[in-house]
Amino acid sequence: MPGDRRESEHGSVPEQGPVPVRGPESGAGAGSGRGAPSSGGAESGRGRSSRTGGRGRRRPSWARALRPSGLNRAPGAVPAARQAGPYLTPAQAFDALYAYCAPALVRQAYLLTGRRDLAHESVERAFQRAWDHWPEVARDPDPAGWVRAAAHDWALSPWHRLRRRYRHPEPPPPDDHDRALLDALLSLPPPYRRTLVLYDGVGLDLPDTAAETEASTRAAAGRLLYAREVLAERLPEPAGPRELHDRLAELASSGRTRAAEPAAVRVGGERRARLWTRTAAAVTVVLIGSTAMTLHTAPTHYVPPVPPGETVRGVPPRAAPGPLSDDQRELRDRLREALLDGPERLTPEAR
């Protein structure tokens, strides 16, 4: 799949250019993924070809819904917050990254999972992880790609099938074409599904798609071709790469795709970090206490075990006394009566 073919397939989507110093836009823009070439002034340079399809039709607004918001941005660039001054605080930079990537990431996670709730959860967990590792994310050449990889990894985690809330499927899309496309996507293995969404949906080139899916370029190309063949067999209408991109974006844009507020995500991440810190501290205290108790109660020297008893031969066994005779009973009664009446001395009587 040479690069010129890739450009012809998605040439109607403007690439990223220089970073504008303005606030993040919430609409569906046209940023590209990792490694995409910069083309500053794409709106004025490409003219009508950047907003129309191959037949001269104006592209619908959802055609770029799978890409981060904003026009004319460089690869991995994130817009600055409004009225932030020459320097951004970590919170302002995080909010700008969230507003830039979150809506598109929710749509991508929905294509990977087929669940709206899991898509929102994946994006929130990815950004909470990014906030926990913010120095690393802030210095990354492509922070949007860092968060995208974390969101996709969480969305495709095999442990979700063990959760009770995700055992039953969600209601399918109302449109028949969208339902058929979603069923075809979910029938693909997760690595093939992710490769298709990154290449035909997000618009990454093949080397970047292979790097993000942790596969070789040849393996990523094989996964992409196989995924396209499966979709071509299961879809009622044939769809080329450009039509497939539009249909993926239309499917991802159907339904509720609104992401949470960045401040709520940051607070949730901090609360989760505090909870894990306290849990780790409590477990550490319990381990230290149990270790100290074991050291205090453990013996300091070797104590030999008590040997089992042995039978002694030649000694008669102890027998219980037999029944009393009449004289013994009389003597017992006299002794009891004398002891009860007072300390009298017994004198022998002649018989």
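1. Basis of the values. The model is predicted, and local features need pLDDT of at least 70, side-chain atom pairs count only at pLDDT 80 or more, and totals for chains, interfaces and linings use all residues. Residues are numbered from 1 along each chain as its sequence is written, and side-chain values use heavy atoms, with hydrogens and water left out.

2. Overall fold. The protein chain holds 13 helices and 0 strands; helices (H or I, at least four residues) and strands (E, at least two) are DSSP runs, numbered from the N terminus. From that end on, the elements run α-α-α-α-α-α-α-α-α-α-α-α-α.

3. Of the 351 residues in the protein chain, 39% are buried, where buried means under 20% relative accessible area, exposed over 50%, and partly exposed in between (1.4 Å probe, protein chains only). The chain exposes about 21,500 Å², and carbon and sulfur atoms supply 56% of this area; accessible areas come from the Shrake-Rupley method with a 1.4 Å probe, and for residues only the protein chains shown count as cover. Among contacts (heavy atoms within 4.5 Å) between residues at least 6 apart in sequence, 76% join residues at least 24 apart.

4. The largest pocket. Its space is about 510 Å³. A pocket is an open set of points, on a 1 Å grid over the protein atoms alone, where a 1.4 Å probe fits, with protein on both sides within 12 Å along at least five of seven lines; lining residues have an atom within 4 Å of a point. The lining has 24 residues, of which Leu112, Thr113, Arg115, Leu186 and Arg193 are the closest to the centre. By class, 13 lining residues are nonpolar, 4 polar and 7 charged; Ala, Val, Leu, Ile, Met, Phe, Trp, Tyr, Cys and Pro count as nonpolar, Asp, Glu, Lys and Arg as charged, and the others, Gly among them, as polar.

5. Helices at the pocket. Helix H3 (90-113), helix H7 (176-187) and helix H8 (190-202) each supply at least two lining residues. The largest share, 4 residues, comes from H7.

6. Helix H3. Because 17 of its 24 residues are buried, H3 is largely enclosed by the rest of the structure. A kink of about 40° lies at cysteine 101, shortly before proline 103; the bend at a residue is the angle between axes fitted to the seven residues ending there and the seven starting there. Just after H3, glycine 114 takes a positive phi of about 75°.

7. Helix H8. This helix is mostly covered, with 10 of its 13 residues buried. Among the buried residues of H8 are Arg193, Tyr199 and Asp200.

8. Glutamate 214. In the loop between helix H9 (206-212) and H10 lies glutamate 214, whose phi is near 55°, a positive value in a residue other than glycine. Most residues other than glycine have a negative phi. Glutamate 214 is exposed, with a relative accessible area of 75%.

9. Two further positions. Alanine 232, in helix H10 (residues 217-234), is exposed at a relative accessible area of 51%. Its C-alpha atom is separated by 9.9 Å from that of leucine 181, 51 residues apart along the chain. Serine 254, in the loop between helix H11 (241-253) and helix H12 (262-297), counts as partly exposed at 23% relative accessibility. The C-alpha atoms of serine 254 and aspartate 175 are separated by 9.5 Å, with the two residues 79 apart along the chain.

Terms used: Grid points are joined across faces, edges and corners, and a volume is the space filled by probe spheres set on the points.
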